[in-house]
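User: I am new to this structure and would like to understand what stands behind the terms used for it. Please take me through them one at a time.

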Amino acid sequence: MTANDQPHRDRPDDGRPDLPNGMMLEVDDLTVDFDTPSGNLRAVDGVTLRLAERETLAIVGESGSGKSVLSRTLINLLAGNGRRSGSIRIGGRDIDQLSKAERKHFFGVEVAMIFQDPMTSLNPVKRIGVQITEAMRYHLDLSASAADKRALRLLELVHIPSPAERMKQYPHELSGGMRQRVVIAMALACEPRLLIADEPTTALDVTVQKTILDLLDELRQERRMSMILVTHDLGVAEGRADRIAVMYAGRIREITTTDRLFADMRHPYTEALLNSIPRPDLPSHTRLHPIPGRPPNLLDPPKGCAFAPRCRYAQPDCLESEPPLDGPHGHDWACFHPVGTPEGAAALAANEEAGVTAAGLSMSESEEEFV
Amino acid sequence: MILVVLILILGALFVLLGVRNSWRYALQRIGGAVLVLILVTFGTTVLIRQVPGEPCEIALGTAATPEAVAECVDDQGLDEGVVAQYLTWSQQVLIEGDLGYAFYKNQEPLSETIQQRLPRTVILFFYSQLIALAIAVPLGIWAAYQAGRPSKGIPIWILPIIVGGIYIYGEFITDWLFTSVLTLAFLLPILIFNLFRGGRGGDTTVNFLAFGLLSLPVFVLGVILRYAFAEERNWFSLAGYVPITDNVIEHLKSIWVPALVLGLAAAPVYLRLLRADMIQNLQQDFVSVAKAKGMSNTHILLRHVLRPSTVTLMTVLGLNIAQLVNGALVVEYIFDFDGMGSYLIEAIYRQEFFAVQTLVALVAIIFVVTNMVIDVFYSVVDPRVRAEAA
């Protein structure tokens with residue numbers, strides 16, 4: 001497929017090379033460490049990812065699972081005390097091998113990001129128009145009038161009414177939903193091929209959430225973009241992602257297509273996550289099962305599988321070594337006793353028999369705690 | 001009459017900026033200003049009369065006859081009550097705008113003295129603030145930027161050890177010039193290296209310098225610089241103020257050292273305020289967004305973070321401008337600079353009641369007007385203020 005097959009695209013350097021092996025993003029063994037006053041914190045631990053062109057990958061996990069750090073690392077937004085190892089290739093190009101000149105116009109152009117809170121994502125003292133056009137003028141060297149024209153088209157694209165007036169307004173004059181549309185327009189300004197959306201709808205109310213997610217879907221298909229959707233909400237991921245990666249304590253625990261993940265999950269954490277959210281396909285008044293305990297302290301991670309202390313399947317071997325992420329047919333999981341397998345069933349039966357898991361978690365649900 | 005014009009001007013300005021309830025806001029501000037003016041001048045009138053001494057005797061000199069003194073007291077109304085005196089004075093000065101004389105039958109009208117001296121103080125202050133901002137703004141931005149990066153610099157606690165070492169050893173060195181050069185030879189490379197390559201160490205270095213400057217009193221700095229530039233060398237002229245229209249070089253020669261002293265005194269304060277606000281704003285999400293857009297650090301610092309970070313700086317700058325006479329007092333005295341500050345000291349010594357009252361009124365007006373201008377600037381800097389004001 002050549003660039004000319006995409007009539008709606010008006011990227012100025014549309015002649016950029018096709019992606020080698022169709023992979024938009026290749027992350028290999030990515031590890032991110034932070035120096036903190038209380039020691040080294042490993043926020044992302046050996047993540048390996050592949051994202052094909054036009055694909056949407058959802059990264060799902062609790063707060064502190066490393067999903068935000070991972071996504072921010074992909075766009076070179078690591079805090080000053082952070083260190084990264086492992087390689088990241090975006091559009092076939094290793095971001096560590098970029099020359100200084102290439103690097104200057106790489107982030108924000110090839111890859112763009114949408115942030116969680118539209119109320120704080122926009123500079124309060126700059127007009128909307130300036131904030132949308134500044135990246136185009138900097139990266140694409142457009143004139144002020146050309147950039148203004150493109151910004152108007154972008155605002156139309158994200159369905160903002162009377163865009164010409166909005167351009168002259170300040171962020172505080174717009175509602176949250178409108179602001180997030182502006183943030184999206186800003187991210188799309190330089191026609192990125194990879195869009196990272198870090199909890200793009202978390203700060204918005206539910207009615208606006210759907211329209212924003214629909215908008216992202218529409219833009220992604222129209223513009224041949226790949227997307228990483230970071231969310232803590234499996235429900236959001238289910239409807240929007242081709243594949244889902246479940247993260248826990250800095251590692252990917254299970255990754256597969258969306259359908260397979262919901263139909264045939266393997267990792268006990270995925271199962272626990274799913275049991276803890278309300279689902280429309282279950283009868284009403286179905287009891288939800290919160291995940292017992294807390295995420296591990298990443299300053300002092302436990303030996304073995306990080307989920308073992310909270311896992312109903314935990315066996316002695318889980319406390320000894322970290323299970324590798326592996327599996328057949330593009331369905332990888334990191335568990336010795338996966339859900340829906342004889343090993344898993346045996347582990348669960350053994351634990352129920354004993355009344356307690358190998359990590360010491362009681363198998364009887366302490367419900368009064370949550371009443 | 002003047003009040004109505006002021007309210008109209010201010011109101012029109014607010015309307016132009018889109019402030020809500022512009023006219024009511026303008027009325028409030030002007031009303032408040034008038035109240036401040038009355039309170040301050042009345043307070044001064046009462047207080048200055050508590051100073052022991054007889055102003056008429058001072059004005060007429062030791063040779064004056066008791067009759068002449070009595071005539072002076074009667075003529076100036078000093079035998080009346082304070083309130084009556086205040087009303088007479090405010091009627092003449094504040095309402096009719098006739099400043100009169102400094103005191104009884106003084107040589108020249110007060111308006112001429114002010115006309116001659118106020119511009120000098122204003123220019124002195126203008127240069128000093130220019131110097132202060134020229135130092136504080138770049139260093140403040142730089143320090144805030146460096147504060148968020150890992151430290152690579154030479155630890156700053158080495159500096160006092162080096163300086164201390166040199167001065168202990170300096171017991172044996174009688175040549176102070178050699179000692180100073182030796183100190184600088186050690187200090188400067190460390191400071192410069194830290195400033196430019198130090199990461200967070202650069203921030204520490206800027207703070208170190210700022211606190212050093214801050215703890216140096218104006219009069220110490222003034223005396224040292226007067227000695228260095230006016231007495232050792234002829235780089236500064238003590239011969240008196242030269243207007244810029246006469247000769248630019250001579251003008252600068254007659255003003256730059258006091259301006260530098262005032263500037264160096266204000267710079268560390270501005271630097272610290274700007275740095276603190278910048279650091280706070282650099283944590284904001286919109287900075288992450290700008291970084292994710294791939295904007296350069298320079299662009300983010302100057303175009304995104306600087307403007308919203310100037311609010312505190314502007315407030316303090318406004319307060320400083322407003323008390324320019326106070327600020328210039330010591331420095332004008334040290335450098336024999338014939339400005340408003342030195343004149344106010346003289347007027348108090350000579351117990352020239354009316355001069356003091358009028359000067360205080362003038363200072364109060366400058367104070368109030370500057371702060372009003374600063375308030376208008378808030379809304380220029382931050383569009384959200386326009387919607388919230390009043």
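User: How many salt bridges does a search of the whole structure find, over all chains?

Analyst: The search over all chains finds 32 salt bridges, where the term stands for a side-chain nitrogen of Lys or Arg within 4 Å of a carboxyl oxygen of Asp or Glu. This is a predicted model, in which local features need pLDDT of at least 70 and side-chain atom pairs count only at pLDDT 80 or more, while totals for chains, interfaces and linings use all residues. Side-chain values use heavy atoms, without hydrogens and water, residues are numbered from 1 along each chain as its sequence is written, and chains are lettered from A and ligands numbered from 1 in the order in which they are written.

User: Why is the pair R243(A) and E55(A) called a salt bridge?

Analyst: The side chains of R243(A) and E55(A) meet at 2.6 Å, N to O, and the limit is 4 Å, so the pair meets the definition. The two residues lie 188 residues apart, with R243(A) in strand β9 (residues 243-248) of chain A and E55(A) in the loop between β2 (39-52) and β3 (56-60) of chain A; helices (H or I, at least four residues) and strands (E, at least two) are DSSP runs, numbered from the N terminus.

User: Which salt bridge is found between chain B and chain A?

Analyst: The count between the two chains is 1 salt bridge, and E134(A) and K293(B) form a salt bridge with their side chains at 2.9 Å, N to O.

User: How do you know which parts of chain B count as domains?

Analyst: The bounds come from an automatic or database domain assignment, which gives chain B domain 1 (2-95), domain 2 (113-153 + 198-351) and domain 3 (158-195). In chain B, 12 residues of domain 2 are in contact with 5 residues of domain 3, and these two domains bury about 640 Å² between them, 68% of it on carbon and sulfur atoms. Across the interface of domain 2 and domain 3 of chain B the rule finds 0 salt bridges, although 3 residue pairs are in polar contact there.

User: Where in chain B is confidence lowest, and where is it highest?

Analyst: On the pLDDT scale, the predictor's confidence in each residue from 0 to 100, α19(B) is lowest in chain B with a mean of 70, whereas helix α12 (residues 256-282) of chain B is highest at 93. The mean pLDDT of chain B is 83, and 95% of its residues reach 70 or more.

Key. Contact = heavy atoms within 4.5 Å. Buried area = accessible area lost by both parts, 1.4 Å probe. Polar contact = N/O pair within 3.5 Å; in protein donor to acceptor, adjacent residues only side chain to side chain.
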